[in-house]
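Let's take a walk through this structure together, one chain at a time.

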Amino acid sequence: MATPSGPPGEPRRIAWLYLLPAFLVYAAFLLYPLGRAVQISFYDWNGNTLATWAGLSNYADVVTDPALRASFGHALVLMLFYAVLPTVIGLGLAAILNRAKVRGLAFFRTVVFLPQVVAMVVIAVAWRRMYAPDGTVNDLLGAIGLDSLTRGWLGDYTAALPAVGFIGTWFEIGLVTVLLLAGMGRIPGELYEAARLDGAGPFREFFAVTLPSVRGEISVALTLTVIAALRTFDLVYVTTRGGPGTSTSVPSFEVYNRAFQQGRVGSAAAIAVVLTLIIFAISFGITRIAERDDR
Amino acid sequence: MRNRPTILLATAGLVGAAALAACTPGSNADTSGTTPTGQVSTDASKLGDVTLTVWDQEVRGGQAAQIEELNKEFQAKYPNIKLKRVTRSFDDLKTTLKLALSGNTPPDVFEANNGRPDMGSFVQAGQLLALDKYATAYGWDKRYPESVRKYSSYTPDGKTFGSGNLYGLPQVGEVVGIYANTDILKKAGVNEVPTTWSDFESSLGAIKSAGEQPLVLGNLDKWPAIHVFGTVQAQNAKPDAIRTLGFGQKGGTWKTPENAKAAQTLVDWVDKGYFAKDVNGLGYDPAWQAFSKGKGAYLIAGTWLQADLGKAMGDKVTFTLPPAASGTPVATGGTGLPWAVSSKSKHPDAAAAYIDFITSKDAMGVLAKNDNLPIADTADQTAGDALGKDVFAAFGTAVKDDSLVPYLDYATPTMADTLGASLQDLLAKKATPDKFLDTVEKDYSGFVSSNG
């Protein structure tokens with residue numbers, strides 16, 4: 001149906017046909033399950049017998065149940081530890097590694113990146129041992145005379161969430177640093193030269209040249225780490241199971257717990273849908289901000 | 001960019017269509033016919049050529065050894081019945097069984113967890129075969145005491161746990177008791193393992209004064225304190241009251257002076273330093289491993305630790321039922337996973353014959369030989385080591401005296417989480433005994449009233 005006034009080449013509508021195979025796969029494995037999850041979230045269902053229509057009550061629970069609300073709050077705290085801290089620390093590390101032009105850069109890059117290679121469950125098991133009352137963390141604190149700080153980290157109501165978050169920080173720093181290093185490597189040397197001629201010191205250089213140039217990488221790093229923070233499951237599952245009390249429970253853990261342990265599939269689906277929307281909104285926001293600044 | 005709204009619209013439309021086309025979740029469940037009618041045949045050799053699909057989670061150590069041995073004997077005795085065994089880990093079985101049972105070709109025989117989210121919901125969905133006819137035909141009702149059969153009994157609507165039809169038969173038993181390190185007891189001047197509750201409590205003080213840790217508990221995993229609380233509660237409240245709460249049946253309440261006293265006892269033990277400082281920060285496994293290496297005098301835990309502790313501590317460790325304040329000791333306990341039969345199975349007689357075979361008196365001998373705690377005829381079995389003898393004797397007594405009370409987290413689908421979290425609060429003194437009981441009561445009464 002090519003019209004004379006249209007753009008050259010094949011008619012546009014045929015493009016839909018080319019998209020069809022990929023779309024079918026996408027629809028079967030992603031859109032259909034998503035739609036199904038949304039549908040289930042409107043029911044009371046134990047995963048087995050006939051479900052009963054629950055309307056919006058599962059969503060109302062997400063808003064009104066203080067324990068559930070708290071779990072979303074914990075996810076936000078984890079965002080600080082998973083995304084903000086690693087980005088700040090990663091920026092510093094990458095700037096130093098990039099500026100110093102150290103010998104064996106590849107080696108350091110590998111070392112910093114190493115946590116990413118290890119499965120999260122393994123990391124969680126290792127940290128759980130280090131955080132134990134007689135574990136490495138307390139031993140180290142004792143060795144430098146800080147006995148007053150020692151505690152059963154994962155069983156302490158104030159320390160447990162930061163302790164879990166810190167594992168995330170340790171885990172994500174490598175990814176962020178390597179991403180930013182790659183970005184900084186692409187900055188033309190002339191920019192730095194020009195800055196230096198204008199009398200900029202190392203800090204000025206960092207804020208005037210380095211930081212603006214890696215804005216794209218920062219947004220990628222933030223998107224990845226924020227999503228990781230919001231969907232944290234394995235770490236909590238292995239280290240604390242949401243305890244002590246409910247002080248480290250997070251939405252993903254609640255989804256698993258309700259769907260597979262408690263047989264409250266509808267409620268689990270509602271939490272999952274809300275979580276999906278939040279993740280979508282936040283990552284959309286981050287990319288939007290980065291895109292706008294690029295123009 | 002121009003096409004984005006179109007794509008979004010198309011996507012939304014498709015998702016919506018998919019949702020509309022799909023029917024109500026669970027509407028393909030068939031809830032008819034769960035009780036076999038007519039005669040049952042107990043002669044497995046006359047059932048013709050049959051293939052039974054069996055799903056089990058007997059994959060570790062002595063568990064795997066016993067089932068492999070029993071399966072081999074079964075095949076040798078009944079060559080006409082072919083076993084198709086599928087093994088899963090406990091967690092995998094729990095998550096996949098629900099889907100398998102709602103499909104058209106479920107396994108014939110499988111192990112189903114006792115609790116409401118599992119066996120309860122299967123019964124509700126009409127997926128399990130009531131085994132009462134077979135129980136009479138094979139005499140299970142005589143060999144398995146009622147206190148044990150309760151753990152796999154539901155009413156046909158799946159709403160009442162602990163009575164009604166029999167839906168499964170377990171091979172092994174569990175009971176929570178007290179492991180004692182006799183070396184440390186002697187050091188503290190306690191020469192005999194206490195046989196009354198007051199002696200037990202006063203020994204805790206003596207051990208503390210001797211500079212040892214009286215009680216070992218690692219509660220990072222949330223559930224271990226449930227067993228400690230259950231043990232203390234059993235010395236205060238009446239067994240029937242605990243059963244009502246534990247099975248989540250109507251007519252009970254957590255807000256009683258007895259339960260308050262049990263909660264207060266735990267807080268007192270925390271105040272007196274009978275537990276280590278960081279109980280909520282220590283894992284369950286590191287805790288009992290420390291006990292096995294000679295740290296701490298008592299460990300309140302289940303019979304499942306017998307093999308490991310016996311190996312590590314030899315004759316320095318004993319196991320007893322919690323000593324009673326007066327009368328017979330009452331202990332938290334239960335069964336291993338019961339073996340159940342699908343209501344869609346085409347060979348229920350063969351399935352029942354298989355379950356009978358792996359729970360027969362001979363099978364109990366095979367279980368004992370492989371370091372398992374046989375649930376029936378326990379007193380007739382000989383255990384390997386001294387600790388094993390303690391455990392067998394303790395369980396035999398508990399079953400004989402009808403003094404087993406259920407795990408408290410059976411009560412409602414959410415009770416494991418509620419009770420686990422609020423016991424952590426109680427031990428950390430974030431919640432008073434009163435507030436603790438309020439939280440648990442809310443979970444219990446909320447479930448009971450909606451369960452109808």
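Chain A splits into domain 1, covering 14–41, and domain 2, covering 64–294; such bounds come from an automatic or database domain assignment. Please keep in mind that this is a predicted model, in which local features need pLDDT of at least 70 and side-chain atom pairs count only at pLDDT 80 or more, while totals for chains, interfaces and linings use all residues. Residues are numbered from 1 along each chain as its sequence is written, chains are lettered from A and ligands numbered from 1 in the order in which they are written.

In chain A, the C-alpha centres of domain 1 and domain 2 are 31 Å apart. Where they touch, 4 residues of domain 1 of chain A are in contact with 6 residues of domain 2 of chain A; two residues are in contact if their C-beta atoms, placed from the backbone, lie within 7 Å. On the side of domain 1 of chain A that touches domain 2 of chain A, there are 3 nonpolar residues, 1 polar and no charged. Here Ala, Val, Leu, Ile, Met, Phe, Trp, Tyr, Cys and Pro count as nonpolar, Asp, Glu, Lys and Arg as charged, and the others, Gly among them, as polar.

Now for some helix packing. Two packed helices are described by the angle between their axes and the distance between the axes. Helix H3 (residues 66–100) and helix H10 (residues 215–230) of chain A pack at about 150 degrees, with 8 Å between their axes. Helices (H or I, at least four residues) and strands (E, at least two) are DSSP runs, numbered from the N terminus. Axes are lines fitted to C-alpha atoms, for helices over the stretch in contact, and angles run from 0 to 180 degrees between N-to-C directions. H3(A) and H10(A) are therefore roughly antiparallel to each other; angles under 35 degrees count as roughly parallel, over 145 as roughly antiparallel, 65 to 115 as roughly perpendicular and the rest as oblique. Their crossing, that of H3(A) and H10(A), is right-handed; a crossing is left-handed if the near helix is turned anticlockwise from the far one by less than a right angle, and right-handed if clockwise. Among the residues that meet here are Ala75(A), Tyr82(A) and Gly90(A) in H3(A), and Ile218(A), Thr225(A) and Leu230(A) in H10(A). By class, the contact of H3(A) with H10(A) has 13 nonpolar residues, 3 polar and no charged.

What angle do helix H8 (residues 189–197) and helix H9 (residues 202–213) of chain A make? Their axes, those of H8(A) and H9(A), cross at roughly 140 degrees and come within 10 Å, and H8(A) and H9(A) are therefore oblique to each other. The crossing of H8(A) and H9(A) is right-handed. Leu191(A), Tyr192(A) and Ala195(A) of H8(A) make the contact with Glu205(A), Ala208(A) and Val209(A) of H9(A).

Next, look at the loop between helix H11 (234–239) and helix H12 (251–261) of chain A, where Pro244(A) sits. A cis peptide bond joins Gly243(A) and Pro244(A), with omega about -5 degrees. Arg241(A) also lies in the loop between H11 and H12 of chain A, and has a positive phi of about 50 degrees although it is not a glycine.

Let's turn to chain B. Domain 1 of chain B covers 44–169 + 337–374, and domain 2 covers 174–334 + 405–451. The contact between them takes 12 residues from domain 1 of chain B and 13 residues from domain 2 of chain B.

Chain B also has an open sheet of 4 strands in the order E2-E1-E3-E11, with mixed pairing; two strands pair if DSSP finds at least two bridges between them. Strand E2 (81–87) and strand E11 (339–341) of chain B are the edge strands, each pairing on one side only. Strand E3 (residues 109–111) of chain B and E11(B) pair in the antiparallel sense over 3 bridges, and Phe110(B) has Ala340(B) in E11(B) as its bridge partner.

Finally, where do the chains meet? The contact takes 37 residues from chain B and 39 residues from chain A. On the side of chain B that touches chain A, helix H1 (4–21), helix H3 (90–102), helix H4 (116–124) and helix H18 (415–427) of chain B each supply at least two residues. The largest share of this side, 5 residues, comes from H1(B).
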